[in-house]
Number of protein chains: 2
Amino acid sequence: MKEYSVIIVDDHPVVREGYRRLIDLQPGLKIVGEAEDARSAYAQFRDLQPDVVVMDVTLPGASGVEAVRHIRQYDDSARIVVFTMHLSAAFALKAIKAGATSYITKSSDPKTLIEAIFGALHGRTVISPDVIEAIARDRISGMGTGLSDLSPRQTEILCLLARGWPAERIAEELAISQKTVRNNHYQIKSILGMETDAQLVWFALETGLLQAV
Amino acid sequence: MKEYSVIIVDDHPVVREGYRRLIDLQPGLKIVGEAEDARSAYAQFRDLQPDVVVMDVTLPGASGVEAVRHIRQYDDSARIVVFTMHLSAAFALKAIKAGATSYITKSSDPKTLIEAIFGALHGRTVISPDVIEAIARDRISGMGTGLSDLSPRQTEILCLLARGWPAERIAEELAISQKTVRNNHYQIKSILGMETDAQLVWFALETGLLQAV
DNA sequence: GTCTGTCTCGGGCAAATTGCCCGAGATTTC
DNA sequence: GAAATCTCGGGCAATTTGCCCGAGACAGAC
């Protein structure tokens, strides 16, 4: 029986132990490497050429979605199973668009993860049921994730606004006038259909633009 | 050698596997039960009377801090190690005040967790270095968590504001005038020293007043 | 009893911001 | 090279904020 190689990427050591217990003891799978951030994930992939990568998308430093994109750029046939806490339609869509093969939440049954890994080996995409439901709900209630309706600049400004930066500081940071920041602020709220600034924060959080501490 | 009993509480199955690998294989410790939410954590504690509880504080449904309080109410000598992703001074202080013996973040070295468990058996409190630092930083920059500086009513209004409710809806909900809501809004911001509404959301999140999805 | 403190609720008003519309360069896309 | 899209900001009325004030309620202190 062929044994497939796996590398795991997660920033929490205890979670990596969990993967080992789950994946390594599975006949047919073998963990050949571990990484705890996006950069070393990429390095490990290049060095070890594993059959599958299992990774969280919330990592210290660069976003895991970036890591997915990066790895797929290097090797278009890479199989990447995203395994994360975030039950967010927007997050999932971003990951899939970036090139993830599957998207599974950590509250799923461990069996689901194993199935997703074997599925990925055969190029099958698995998305856990809770995420499917979230995506469906999202599609019904609105148009897409909403994030895609914003221009890059608007996304950038939203990011700063949601962090709690005052218009003044944003204007400095981006070297534009406060007036422009305010205009964008207004535009962003009306595009996303939000009434208050607090809602913007929640949006940024749900969408994965920002991460809760 | 006496073997101490442990129950683990976490809503992610894979993380629970990680605990098993870490704790169960440790000579002197044995996992006798698992729970995935606050209610069953309490039930398990009553049924199994373990020597230590290792639990995350962000659980589906009721907050883990409540679970800590509940368990300590039932058995004042219970040893509870909080093991969580949240690197937040306010969160840690709340957990400790609720009766947690130790507070360790998931990005800590696994050894730290084991040490905290054995420490807890002897009644020692262990707080991981990153949290200590966060608390120190907090104490220096402000006075306490800040939440205690707000009146009950202000806390209530903050809660609604941080959820993203417009002043109008808050006024309705609380049956007061919009003007009063606005005055409180201003007061809250100046008491807490915040400049923007987005910062209020982060404050509510860090302080445990609200929980991120 | 009265006094003092704190909380809640809101009025008032100048200063600042929002909501909304507009136009001009720069870039992209076809 | 025409059309579409971004980005940047001006303008201006309507609203909100920042800040100060007073009144009624209710606690505990003396």
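Keep in mind that this is a predicted model. Start with a surface patch of negative charge, where A:E168, A:E172, A:E173 and B:E195 come together. To find A:E168, look in helix α8 of chain A, which covers residues 167–174.

Now zoom out to chain A as a whole. Its domain assignment lists domain 1 as 4–139 and domain 2 as 147–206. Between the C-alpha centres of these two domains of chain A there are 31 Å.

Next, head for helix α6 of chain A, residues 129–141, where A:A134 sits. With a relative accessible area of 9%, A:A134 is buried, since the cut-off for that is under 20%. Along the chain, A:A134 and A:A90 are 44 residues apart, yet 9.0 Å is what separates their C-alpha atoms.

Finally, some backbone angles. A:Q49 is not a glycine, but its phi is positive, at about 45°. You'll find A:Q49 in the chain A loop that runs between α2 (38–48) and β3 (52–55), partly exposed at 40% relative accessible area. Over in chain B, B:A175 also isn't a glycine and has a positive phi of about 55°. B:A175 belongs to the loop between α8 (167–174) and α9 (178–192) of chain B. Its relative accessible area is 68%, so B:A175 is exposed.

Definitions and conventions:
Residues are numbered from 1 along each chain as its sequence is written. Chains are lettered from A and ligands numbered from 1 in the order in which they are written. This is a predicted model: local features need pLDDT of at least 70, side-chain atom pairs count only at pLDDT 80 or more; totals for chains, interfaces and linings use all residues. Side-chain values use heavy atoms; hydrogens and water are left out. Patches are made of residues with over 30% relative accessible area and no salt bridge: like charges are joined within 9 Å, nonpolar side chains (Val, Leu, Ile, Met, Phe, Trp, Tyr) within 5 Å. Accessible areas come from the Shrake-Rupley method with a 1.4 Å probe; for residues, only the protein chains shown count as cover. A salt bridge is a side-chain nitrogen of Lys or Arg within 4 Å of a carboxyl oxygen of Asp or Glu. Lys and Arg count as positive and Asp and Glu as negative; His and the chain ends are not counted. The place of a charge is taken as NZ of Lys, CZ of Arg, CG of Asp or CD of Glu. Helices (H or I, at least four residues) and strands (E, at least two) are DSSP runs, numbered from the N terminus. Domain bounds come from an automatic or database domain assignment. Buried means under 20% relative accessible area, exposed over 50%, partly exposed in between (1.4 Å probe, protein chains only).
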